[in-house]
Amino acid sequence: MLILISVIMLGALGFLFAGLLGLAADYFRVEEDPRIASVLAVLPGANCGACGMAGCRDYAEKVVLGQAAATACSACGAKGAAIISEIMGVGCGEVERKVAVVHCGAKGEQRKKKGNYSGVKTCMAVTLVDGGGLACTYGCLGYGDCLAICPFGAIEMREGLAFIDPEKCTGCGKCVSACPRKIISLRPYDFKVAIACSSRDSGAVVRKICPVGCIGCKLCVKQVADVFKVTDNLASIDYAKTGIACGPAVEKCPTKCIVTSD
Amino acid sequence: MKLFGIFFAAFLINNILLMRFLALCSFFGVSTNIGTSVGMCFSVIFVMTLSSAVSWAAYYFLLVPFHVEFLRTAVFILTISSLVQFLELYLKKMIPTLYRSMGIYLPLITTNCAILGAAFLAIDYQYNFLETMFYSIGVSSGFALAMILFAYIRDKMAIAPIPKWFQGYPIAFITAALMSLSFLGFSGMFGL
């Protein structure tokens, strides 16, 4: 008798709950725009936040609602932006591909030290203690905060210097904000020249500290005046001036701090 | 006065995580991130209170009249899982923002042994409905206390110089054991 009651009770409860849940699933069904799923498929799914939204899912929902631009995702590239624009049925403007570059060129033995550091091994922690024993107060610290934050694995450390692979980089900008010395910036992918130095020290000081630092000699400005400019003893490139050959400046630079990526 | 005693005993003296050692899987899994831990704690408080109430009702109105108290394991599991599933569907439709912040933990804690444990213990202690409510809120608050404390400790441990073979779970278990030892100091307080 007891067995019968048990079986009936469990069976009845089971069926009751299953039925209720089935009804509830129908009643509480959330209709989702199928375009959200197709936009999500195009996005890389890294949830990097470069678009300014809380992850890829959030961006997909906002795009379909028309609250976000179809080109806001830099990580999916120009092709992805075109597909998303097509899904939304809007025209797509020109999306310029950008990649990040580290403005420091000192590797291995070139990184002169003025002391020893023993403490938490992150760039952010090291900046709090006056640069962690490196002679140059502007250069790459080499503890890899940028490497840790890159969602695409585009950064690697080469002999103590951060190096960003322009092919893997999607220009999301997370490393730009992660670097405590603010020496990472975005350059257009097609403009393959950058200044590998951020030191605003005068030429004489830089010569003592680093063999590959910019000494502000203005030889690059003499070669290609439109593109190069020297302010505060540091050369900089005007990336808006496309189509001008920078080769002569790269060759003439005495410390070889202007780098190209082929 | 007795109600406060029940709450306090469940909260601190017989802490579900550190004294009864229930719900440890989610404890160690979720406590790596402080934000996630806080969200999880809110979900646990909500679900545990609700499921204790429903389980108590199921026990005294369904099982006892038919003298099938031994079915309580199966019936409690059925009831609690269905309730949480229903809750998830309801939240997803009616309160999407709440669903996005705490709804993802609901499947995780459906089968959490602490939920079932609280229901069982409330029956074993023969509490009435009000006492069961205070008890389950006490248990879930105790869970929240231990979880948030542990999350902050683990956050500090991430940058501490821990020997290679202790990093990760080994040091986490040792820390939890030490926390448990310290909570042992509460036993016998107020004669509870």
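At what angle do the axes of helix α8 (residues 129-157) of chain B and helix α9 (residues 169-183) of chain B cross? In this predicted model, the two axes cross at roughly 135° and come within 11 Å of each other. Angles over 145 degrees would count as roughly antiparallel and those from 65 to 115 as roughly perpendicular, and α8(B) and α9(B) are therefore described as oblique to each other.

- The crossing of α8(B) and α9(B) is right-handed.
- On the α8(B) side, the residues that take part in the contact are Leu149(B), Phe150(B), Ile153(B), Arg154(B) and Met157(B), and they meet Ile171(B), Ala172(B), Thr175(B), Ala176(B) and Met179(B) of α9(B).
- Sorted by type, the residues of this contact between α8(B) and α9(B) comprise eight nonpolar, one polar and one charged.

**Chain B as a whole**
- Chain B contains nine helices and zero strands, and its elements, followed from the N terminus on, therefore read α-α-α-α-α-α-α-α-α.
- Of the 192 residues in chain B, 36% are buried.
- When contacts in chain B with a separation of 6 or more are considered, 78% of them are accounted for by residues 24 or more positions apart.

**Where the two chains touch**
- In the contact between the chains, 14 residues of chain B touch 14 residues of chain A.
- The side of chain B that touches chain A is made up of ten nonpolar, two polar and two charged residues.

**Helix α1 of chain A**
- Helix α1 (residues 2-27) of chain A has 26 residues and reaches 37 Å from its first C-alpha to its last, which is close to the 38 Å expected at 1.5 Å a residue.
- The number of buried residues among the 26 of α1(A) is zero, so this helix lies largely in the open.

**Two residues with positive phi**
- Lys182(A), although it is not a glycine, has a positive phi of about 55°, and it is found in the loop between α7 (174-178) and β4 (184-188) of chain A.
- Lys182(A) counts as exposed because it has 12 C-beta neighbours inside 10 Å, and a residue is exposed if it has 12 or fewer.
- Ala23(B), a residue other than glycine, has a positive phi near 65°, and it lies in the loop between α1 (2-13) and α2 (24-30) of chain B.
- Ala23(B) counts as buried because it has 25 C-beta neighbours inside 10 Å, where 20 or more are needed.

Key: Residues numbered from 1 in each chain as written. Chains lettered and ligands numbered in written order. Predicted model: local features only at pLDDT ≥ 70, side-chain atom pairs only at ≥ 80, totals over all residues. Axes fitted to C-alpha atoms, helices over the stretch in contact; angles between N-to-C directions. Helix = DSSP H or I, 4+ residues; strand = E, 2+ residues; numbered from the N terminus. Parallel < 35°, antiparallel > 145°, perpendicular 65-115°, else oblique. Left-handed = near helix turned anticlockwise from the far one by under 90°. Contact = placed C-beta atoms within 7 Å. Nonpolar A, V, L, I, M, F, W, Y, C, P; charged D, E, K, R; others polar. Expected span 1.5 Å × (residues − 1).
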